[in-house]
Amino acid sequence: MSTRKGFTLIELLVVIAIIAILAAILFPVFAQAREKARVATCTSNLKQFMTAILMYDQDYDECLPLSISGKNAIGPGVAALNPGVQEFHVGVAINPYIKSRGLFQCPDDSTLPAGNTAGTLPIPGGMKVHEAWGTSYKFTKENFSFLPPGAPNNATAGGAVYKYNSADNSGSAGSGDWVGAPGGPFNSPPPGPLTLSYLARPAETRMMRCFVAPWDGPFTGANPQPFHKGGDTMALSDGHVKFIVSKAQYDNFCDGATSSPARRNPSLAGYPNGDGTCNTSGQERAN
């Protein structure tokens with residue numbers, strides 16, 4: 001007469017406990033591996049983006065595209081919701097060199113809360129950053145070409161105001177003013193259009209990065225959430241890409257003609273955060 005053997009309750013509980021322990025160990029490892037893969041994709045996107053910008057620069061007598069402030073940009077999602085509105089962002093200018101809209105999107109792109117605008121148009125809550133503003137990447141506007149002071153920088157289409165950045169040289173310590181080297185007089189704005197040769201240290205000068213870094217908070221109200229939990233992917237003006245893991249490391253790089261908190265020596269009256277040494281003219285912008 002045969003007998004059937006089975007697991008006892010204790011044995012089943014032991015097996016379940018072992019599986020739970022293994023899952024607790026392995027799931028974070030899998031999550032980290034997936035995140036590293038997404039960071040690698042983002043790094044590749046930025047590398048190709050920078051290659052396209054450098055190709056544009058060569059085709060246009062070493063001049064960089066016109067500067068568009070991030071939230072003045074209009075992405076495909078906003079354009080699709082507003083008949084007659086055209087996309088308006090740096091990616092449009094260099095799209096002929098990219099041929100793939102997928103490069104405009106970071107794999108960790110976050111959704112936007114309600115309350116944001118693209119140009120003058122409202123962005124519905126839940127839209128991705130690249131859909132709202134054209135790319136998942138924030139460009140250092142001071143490292144692109146500014147319109148000269150007094151030049152008209154607005155155009156209207158379908159109820160949206162398209163706006164390029166323009167240089168200001170009013171002579172007061174405002175956020176749009178340009179100044180000379182520390183201790184020197186107020187100076188003229190950077191050359192327009194801007195050339196790469198104006199950047200004294202291109203391998204240390206930020207050109208673009210993921211739109212939201214972990215240190216960009218507070219993440220309340222209309223602010224989107226950080227993209228990568230461990231840091232931020234950043235492209236430098238010579239074309240190479242780095243993954244930055246802290247605000248201190250980020251500040252150690254140049255913002256082109258803008259101030260750089262890690263490089264203050266000496267400070268300039270009215271401009272306490274910068275030294276103006278990241279460009280060949282010794283100029284800086286207030287912020």
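Here are some questions and answers about a predicted model of a protein chain.

Q: How many helices and strands are there in the protein chain?
A: The chain has five helices and ten strands. Buried residues make up 43% of its 287 residues.

Q: What is Thr233 in contact with, leaving aside its neighbours within four places in sequence?
A: Its contacts include Val39, Cys42, Thr43 and Leu46. Among the others are Met208, Arg209 and Cys210, as well as Val241, Lys242 and Phe243.

Q: What makes the pair of Trp133 and Phe211 stacked?
A: Let's take it in two steps. Two rings pair if their centres lie within 6.5 Å, and the centres of Trp133 and Phe211 are 5.0 Å apart, so they form a pair. Planes under 30 degrees apart count as stacked, and these planes are at 15 degrees, so the pair is stacked.

Q: Where in the chain do the two partners, Trp133 and Phe211, sit?
A: Trp133 is in helix 4, while Phe211 is in the loop between strand 7 and strand 8. The two are 78 residues apart, and the pair links distant parts of the chain.

Q: How do you know whether Trp133 and Phe211 are buried or exposed?
A: Compare each value with the cut-off for buried, which is under 20%. Trp133 has a relative accessible area of 2%, so Trp133 is buried. Phe211 is at 8%, so Phe211 is buried too.

Q: Why is the pair of Trp215 and Tyr250 given the name tilted?
A: The ring centres are 5.9 Å apart, and the limit for a pair is 6.5 Å, so Trp215 and Tyr250 do pair. Their planes are at 45 degrees, which is neither under 30 degrees (stacked) nor over 60 (edge-to-face), so the pair is tilted. Trp215 lies in the loop between strand 7 and strand 8, and Tyr250 lies in helix 5.

Q: What makes Trp215 and Tyr250 count as buried?
A: Trp215 has a relative accessible area of 19%, which is under 20%, so Trp215 is buried. Tyr250 is at 12%, so Tyr250 is buried by the same cut-off.

Q: Which residues touch the most other members of the largest nonpolar core?
A: They are Trp133 and Met208, in a core of 47 residues. Helix 1 gives the most to this core, with seven residues. There is also a second, separate core of seven residues, which includes Ala213, Trp215, Met234 and Tyr250.

Q: How do you know that a charge sits over the ring of Phe211?
A: The charged end of Lys138 is 4.9 Å from the centre of that ring, and the distance limit is 6 Å.

Q: What makes the link between the side chains of Thr195 and Ser197 a polar contact?
A: The distance is 2.9 Å, and the cut-off for a polar contact is 3.5 Å. Thr195 is found in the loop between strand 6 and strand 7.

Q: Which residues form one aromatic cluster?
A: Phe49, Phe104, Tyr137, Phe139 and Phe144 do. A search of the whole structure finds ten aromatic pairs.

Terms used:
Residues numbered from 1 in each chain as written. Predicted model: local features only at pLDDT ≥ 70, side-chain atom pairs only at ≥ 80, totals over all residues. Heavy atoms only, no water. Helix = DSSP H or I, 4+ residues; strand = E, 2+ residues; numbered from the N terminus. Polar contact = N/O pair within 3.5 Å; in protein donor to acceptor, adjacent residues only side chain to side chain. Buried < 20%, exposed > 50% of the residue type's maximum accessible area, 1.4 Å probe, protein only. Core = buried A, V, L, I, M, F, W, Y, C linked by side-chain atoms within 4.5 Å. Contact = heavy atoms within 4.5 Å. Phe/Tyr/Trp six-rings, centres within 6.5 Å; stacked < 30°, edge-to-face > 60°. Lys NZ or Arg CZ within 6 Å of the ring centre and 35° of its normal.
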